[in-house]
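Here are some notes to read alongside the model. Please keep the sequence and the 3D view open as you go.

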There are 2 protein chains.
Amino acid sequence: MRYFEDFNVGDSKTFKDTYTFTEEEIIEVGQRWDPQPFHVDKEAAKQSMFGGLVAASTHVFAAYCRIGVMELPTAAVSALGFNNLKMLTPVRPGDVLRKTETVLEARLSNSRPDCGILSMQADLHNQRNELVFTAETAFIIRCKP
Amino acid sequence: MRYFEDFNVGDSKTFKDTYTFTEEEIIEVGQRWDPQPFHVDKEAAKQSMFGGLVAASTHVFAAYCRIGVMELPTAAVSALGFNNLKMLTPVRPGDVLRKTETVLEARLSNSRPDCGILSMQADLHNQRNELVFTAETAFIIRCKP
């Protein structure tokens with residue numbers, strides 16, 4: 001378990017864990033949460049500006065949450081928010097995303113002395129090394145017991 | 001279908017559609033995308049700072065995408081990004097979220113003359129009228145054919 005003290009400003013970490021998007025899952029997640037033609041209909045997607053099926057934003061966001069959560073659990077208490085969250089490259093069937101996190105800021109909480117506030121830059125790249133998703137995240141994390 | 005021309009700066013709309021979070025779905029989405037104790041384990045969640053199960057951030061984000069997408073489809077082409085995305089109030093089993101969107105900015109695209117860029121403020125409130133989620137979103141949308 002990683003605690004507040006385990007993060008230092010400037011530290012950067014790429015997880016071993018990755019996430020592979022399948023056509024089946026792109027359609028299933030699209031149907032459930034964002035049923036637009038380019039997420040759920042292979043033929044209609046070919047006629048769209050994407051030229052084929054692409055994963056919904058919420059699917060990419062979910063993968064961002066999932067990658068690394070089992071590999072290196074953190075004593076995170078709560079997400080506070082996200083800034084400069086950008087979807088830069090469409091995610092297509094077969095794409096494999098990896099996640100890199102860099103510590104931007106680390107400070108103790110004023111209101112909760114047993115916790116710190118971390119600000120992190122999170123980047124997802126695909127197997128062609130294109131930046132797919134980037135965001136600055138802030139969350140509350142526990143100090144070492 | 002709503003096109004670029006259907007949005008005017010200052011317009012605000014609350015969708016009739018809402019989203020209800022069940023205990024079963026909070027656990028299922030948590031197990032799949034963010035398996036932390038306060039999302040997936042009812043007993044462990046009672047001991048957490050939340051005092052009970054809460055929905056994962058990615059579950060709230062998914063509901064934000066889902067609400068209204070069938071009620072009032074838009075000719076959206078692609079999400080560009082999100083700013084000031086904040087999770088302000090935990091979402092618990094039984095909570096019902098509604099969505100309000102306000103147009104912050106509307107301009108024609110420089111690179112694609114058949115499209116515009118919309119910037120919107122999206123807010124999710126629960127049944128107690130507490131602000132749960134807020135974000136400024138930007139996306140490309142087609143002009144009227």
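1. Start with the elements of chain A. This is a predicted model. Chain A holds five strands and four helices. Their order along the sequence is β-α-α-α-α-β-β-β-β.

2. Next, the overall dimensions. Along the principal axes, the C-alpha atoms of chain A fill a box of roughly 55 × 25 × 25 Å.

3. How much of chain A is buried? Of its 145 residues, 34% are buried.

4. Now look at contacts within chain A. Take those between residues at least 6 apart in sequence. Of these, 71% join residues at least 24 apart.

5. Turn to the contact between the chains. Chain A gives 22 residues, and chain B gives 22 residues. Which elements of chain A give two or more residues to the side that touches chain B? They are α4 (57-66) and β2 (76-87). β2(A) gives the most, with 10 residues.

6. What kinds of residues form that side of chain A? It divides into 14 nonpolar, five polar and three charged residues.

7. Finally, follow β2(A) across to the other chain. Four bridges join β2(A) to strand β2 (residues 76-87) of chain B. Do the two strands run parallel or antiparallel? They run antiparallel.

Conventions. Residues numbered from 1 in each chain as written. Chains lettered and ligands numbered in written order. Predicted model: local features only at pLDDT ≥ 70, side-chain atom pairs only at ≥ 80, totals over all residues. Buried ≥ 20, exposed ≤ 12 C-beta atoms within 10 Å, placed from the backbone. Contact = placed C-beta atoms within 7 Å. Nonpolar A, V, L, I, M, F, W, Y, C, P; charged D, E, K, R; others polar. Pairing = 2+ DSSP bridges.
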